[in-house]
Amino acid sequence: MNLTIVLQQLFNGLALGSLYGLIAIGYTMVYGVIRLINFAHGDIMMVGTYVAILSGSALFLPWWAAFIFTILATALVGVLIDKVAYKPLRNASRISSLITAIGVSFFLENLFLVIFGGVPKAFPVPAVFSGVLHEGGVILPVISIFVPLVALVFLAILMYILRNTKYGIAMRALSLDMETTRLMGANVDAIISFVFAIGSALAAAGGIFWALKYPSINPLMGIMPGLKAFAAAVLGGIGSVPGAALGGFIIGIIEVLAVAIFPPLAGYKDAFAFLLLIFVLLFKPTGIMGEDLERGRF
Amino acid sequence: MLKVRDLHVYYGVIHAVKGITFDVPEGKIVTLIGANGAGKSSTLKAVAGLVKPKGHIQFLGHEMVGRSAHKIARRGAALVPEGRHVFVNLTILENLRMGGFNKKRSELEPLYEKAFEMFPILKERANQKAGTLSGGEQQMLALARALMSEPSLLMLDEPSLGLAPKIVSEVFDIVKMLNSKGMTVLLVEQNAAQALKIAHYAYVLENGTITLEGNAKELLNNEDVRKSYLGEM
């Protein structure tokens, strides 16, 4: 395999990995504050893609306004899901919330199946994102350049929020000790809502870019990226935001490279993320950047 | 400042606090002493809103029962919890920032200055994680963090727990100093001797009820108290 192909594959992996990373951040942050694996998170990404289509076709928004609207609307969906499904179970056992999350996942998938049907819809790709660059034999779709950059910008903004704003610091405090955070006069429910908003907004962004890259959407499209993003979050160290992004990149790159190196395995490409997940859980359950489970997060 | 009337705390079927009544007048140090499990911490948690009690808790003339913890904190009642509970994953400065959660940005700087003046050790380590501090330093941080909100009532739950005697007396000196500047203090302690030395008034809790109350100096000389809580035979 020559250098061009390696570069090409690395590049593809980076683009795919940043999508996983964007989605994984939502998993990891929600886990950080309420110790819940939000299995509906992949479906929130799917909701985002449908909101994006509708805001173009029904609200007639230009593409950039549709993206902003989608991110905000999906953030609101995330907050609502928490209020309706998870908040009443805040003091229940973790397994109850986990099962509820699976329930929310099935609910969203089937709700969208009923409303939009199972036939995939074409996702309109704005001309800006559909170009392809050729550079020294490497084929670079514009969208694949754009995605990792946007992912890194979002990650930088999020890290800034977590380090430098009082709500960000409160999220980190909350991830360690909810009661004491209350004693500081912080409204814990509002902070949790904010976490769901951020996670869902990033899932929506991930969904939009996913659909721009693979412009066909259906109500079950969130399942596989959601599960792989979960694997990415665990690989990076569940609860760690930079870890989630790193885990996403690693899984994206491994998935692409494995298929490039062993083409006969193409049919098993979805298995690599989970194989990796199994190894992480066997040998380093805290992941790459994770710490002791009951210590603080982010 | 704080009037507690017929306070009950239940954990499921366990009746931890069984109808206690006490007052914390402005500018005083009031202490609740008693053995482990007597209901002292539960009482503080009820006042701070961390557990939902039955009865009445009047703070600055307002009923606090049924209000959530963050609203009670905003009213000016700060609790330094048992075991300190500093945010070990945050830096010292970030811990103080959390303490002043509801302060405006412009109000924070003078409050940091005040905290660092009172606890110079915190200034040296402002950007270190709180988890790297020793137990005594963490207790100082927990106190400084509570003071960031400029509370009118400071509640301390077992501040001497697990600390070396020298640190314990430092902590009590600071509490006394704060009180001399006008801070109202509600102190819960198993270390009854130390608590009674700095307090004005004291209540003895046994199995969730108040069995004895009086001026701290009197209780310090009370034979029952000496026997049960001061370790004299």
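Domain bounds here come from an automatic or database domain assignment. This is a predicted model, in which local features need pLDDT of at least 70, side-chain atom pairs count only at pLDDT 80 or more, and totals for chains, interfaces and linings use all residues. Residues are numbered from 1 along each chain as its sequence is written, while chains are lettered from A and ligands numbered from 1 in the order in which they are written.

**View 1. The two domains of chain B.** Chain B splits into domain 1 (1–76 + 153–233) and domain 2 (83–150). Their C-alpha centres are 23 Å apart.

**View 2. Where the domains of chain B touch.** Eleven residues of domain 1 meet eight residues of domain 2 (contact: C-beta atoms, placed from the backbone, within 7 Å). On the domain 1 side, helix 2 (69–75) and helix 7 each supply at least two residues (helices, H or I, at least four residues, and strands, E, at least two, are DSSP runs numbered from the N terminus). Helix 7 gives the largest share of that side, three residues.

**View 3. The open sheet of chain B.** Six strands run in the order 6-7-8-3-9-10, with mixed pairing (strands pair if DSSP finds at least two bridges between them). Strand 6 (77–80) and strand 10 (209–215) are at the edges with a single partner strand each, so one side of each has no neighbour in the sheet.

**View 4. Strands 6 and 7 of chain B.** Let's zoom in on one pair. Strand 6 and strand 7 (residues 153–157) pair in the parallel sense over four bridges. Here B:Leu79 sits opposite B:Met155 of strand 7.

Definitions and conventions: Contact = placed C-beta atoms within 7 Å.
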